[in-house]
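Hi there,

Have a look at it first, then read on.

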Amino acid sequence: MRRSLSLNALLGASLAFFTALIGLPFWWVVSGSIKLPQEIISRLPTMFPQSFTPQHYQKLFQASDYPVYLINSLIVATSTTLVTLVLAIPAAYAFFRLTFPARGVLYRSILLAYAFPSIVVLIPLFGLFAKVGLVDRLPSLIIVNVAFALPFSIWMLRSFLAGVPKEIEEAAVIDGASTLKILRRIMIPLIAPGIAAVGIYAFVTAWTEYVFASVLILSDAKRTLPVGFSGIIGQYQIDWGLLLAGATVAIVPVVALFALIGRGFVSGLTEGAVK
Amino acid sequence: MAELVLTDLHKSFGATEVIRGVSLEASSGEFIVFVGPSGCGKSTLLRMIAGLEETTAGKISIDDRDVTKVDPAKRGIAMVFQTYALYPHMSVAENMGFGLEMSGMGKAERMAKVRQAAASLHLTDYLDRKPKQLSGGQRQRVAIGRAIVRDPKVFLFDEPLSNLDAELRVKMRLEIARLHKDLGATMVYVTHDQVEAMTLADKIVVLRDGLVEQIGRPLELYENPDNVFVAGFIGSPRMNFFPATVTGRQENHFVVDIPALRLSGVPVRARAMPEDRPETITIGIRPEHLSEAAGSGFSVRVVCQAMERLGSVSYLHASLTEETQITAELRDARDVQPGDAFELFIEPSRIFAFDAAGARL
Ligand SMILES: Nc1ncnc2c1ncn2[C@@H]1O[C@H](COP(=O)(O)OP(=O)(O)OP(=O)(O)O)[C@@H](O)[C@H]1O
Ligand SMILES: [Mg+2]
């Protein structure tokens, strides 16, 4: 398809606009984290750092509890991702393949989970966790995050499963593969893009979750990054350099995750199967 | 010995019955072809034999074993789908060996079988490729190879060649014929393509609306159709049908008037004379039994409307009156133009007769 010059210019301009919109804050945070304090707060903001200092990072890792929070967050987010996937994949396949009573109603109603603002369930959940002794323990956060990530994950994976041509599954049935074998050997590889998307979704929601983490966790050593970090940067006076360095480090796992499994987003995996 | 026996098979999807009592026997090594108009239930019947669709009523046996409720993998069948249905993330070798792997065969033995099948399908050089790196014909050969390595008693094909271009289709058709000869396996093959049906089949099953219209050898169906439907379905272009009035009968033929062709006193052969003389019947003439060469019997004057020239033969679409159309296959019709009028000759011994309900007389 040939595009006219003006359309090309328009596309280019809008692309540049959105890149700037999304990229500039990132650049501001990352470049600011290595500036000297006086440059950060200087009246004339500098787009490119005029000074360089590792002092904020040194302070972050040596003089604060940031590393503890970082590790807690990594534990919570990674576990959330894994548990979500382990539960969502079979559940989605069951919704897709098995027939059982009320399947349609159940499938449609799982998204109702998102009808409740988290603040509504916070208090009852706290009571519940207190009863079973989960308050102030990381598993409580993992449970909550998984519970919130699951419905969407199941829903999304099911539509990815539905995109796999029926004949491929039937061929596997004739080849003698059991339901579990079909799931493991045929379906999971074919819906890898969906699994990647769901994995990233679960990770990012757990990584950034604040409300539950701030209530269910009481002791400082168990805090996750969003909550713990908000304590570091100062209650009365904001240490901008520390804040920017902490924010930069907090972005790293997410970016790494995208780089690592983001290629799974590239679909077209079923190409060559049919037609 | 009967390899595949279907006994009064029925299949309903909800309230609609799409297979309404099909019985069939295929002896070992036979090549059975299902034909019929779109939606008549060919695929459904094939999928029932495969075990991909549950059978509502009736019995399927393969090799003298009742498999009506047996898992697809344990029926001794293999299926080749129209869309190939290869596993896109596996190499050709893995695709072909997957069934054997599922049955627990060791890797070395598996690879030996895969290699052997690949060699017979000219796929040896492609064993490490992924399906998307193959052409359509190669993909279909992989699908066939996947079926072969399972060593099935019955091969099932659902329009396996319809995604291929014309030239490749001819090649693959010959390849399937060769395979059938080499393997000596029983095959059931669904197709829309008359040429495939006529050339491959030992036995053609003509289906309509979930019922068998006729079963027979290809030429038997062509020369001796049981009813109007089969007569019209087998043979291309389609047989011409005209109403006729019976004016007399003799030992083995009727004498009829055919108003549409402005003919009278035409003798029409019947297979078996009915007890009482029907008033009106339908007569059928195949396009290839009309000729422009002055010969025997009867002739009609027609006006050419369109001419399809295929090289070796030409199809003439002509009209006799406003509402009467006739198609003829002509061998030598170079200078006929639309609008030209000319004479077509009919050989009466080639005319088929059908009663009012469509059954052959
Ligand atoms: N899963 C299903 N649910 C309901 N109806 C179905 C289902 N599968 C097939 N049918 C119906 O059964 C009838 C036969 O379908 P089938 O696919 O066997 O036809 P076919 O002869 O193979 O047609 P074609 O030549 O177009 O492939 C059709 O009317 C179709 O609509
Ligand atoms: Mg079909």
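In what order do the 5 strands of the open sheet in chain B stand? The order is β15-β19-β16-β17-β18, with antiparallel pairing. At the edges are β15 (290–291) and β18 (325–330) of chain B, each with a single partner strand, so one side of each has no neighbour in the sheet.

Before the rest, some housekeeping. This is a predicted model, in which local features need pLDDT of at least 70 and side-chain atom pairs count only at pLDDT 80 or more, while totals for chains, interfaces and linings use all residues. Residues are numbered from 1 along each chain as its sequence is written, chains are lettered from A and ligands numbered from 1 in the order in which they are written, and side-chain values use heavy atoms, leaving out hydrogens and water. Helices (H or I, at least four residues) and strands (E, at least two) are DSSP runs numbered from the N terminus, and two strands pair if DSSP finds at least two bridges between them.

**More on the strands of chain B**

Ser299(B) stands opposite Phe345(B) in β19(B).

Elsewhere in chain B, strand β9 (residues 203–208) has 5 of its 6 residues buried, so it is largely enclosed by the rest of the structure. Buried means under 20% relative accessible area, exposed over 50% and partly exposed in between (1.4 Å probe, protein chains only). β9(B) pairs in the parallel sense with strand β3 (residues 31–35) of chain B, over 4 bridges, and is joined to strand β10 (residues 211–216) of chain B, antiparallel, by 5 bridges. Val206(B) of β9(B) stands opposite Val35(B) and also opposite Gln214(B) in β10(B). The hairpin of β9(B) and β10(B) has 2 residues between the strands, and Asp209(B) takes a positive phi near 50° there.

**Ligand 1**

The residues around ligand 1 (a heavy atom within 4 Å) include Phe13(B), Val18(B), Lys42(B), Thr44(B), Glu159(B) and His192(B). Helix α1 (residues 42–50) of chain B gives the largest share of this shell, 3 residues.

- Ser43(B): a polar side-chain atom lies 2.6 Å from an oxygen atom of ligand 1.
- Gly41(B): a backbone N or O atom lies 3.0 Å from an oxygen atom of ligand 1.
- Cys40(B): a backbone N or O atom lies 3.3 Å from an oxygen atom of ligand 1.

Taken alone, ligand 1 exposes 640 Å², and the protein buries 57% of that (Shrake-Rupley method, 1.4 Å probe).

**Chain A**

Thr248(A) is in helix α13 (residues 240–261) of chain A. Is Thr248(A) buried or exposed? Thr248(A) counts as buried because its relative accessibility is 12%. Leaving out residues up to four places away in sequence, Thr248(A) touches Val29(A), Val30(A), Ser33(A) and Tyr57(A), where contact means heavy atoms within 4.5 Å. A polar atom of its side chain lies 2.8 Å from the backbone oxygen of Leu244(A). Thr248(A) and Ser31(A) are 217 residues apart in sequence and 9.2 Å apart in space, C-alpha to C-alpha.

Helix α12 (residues 225–232) of chain A has Leu225(A), Val227(A), Gly228(A) and Phe229(A) as its buried residues. These pack against α3 (55–62), α4 (66–97), α10 (192–208), α11 (211–216) and α13 of chain A.

Best wishes

Conventions: Polar contact = N/O pair within 3.5 Å; in protein donor to acceptor, adjacent residues only side chain to side chain.
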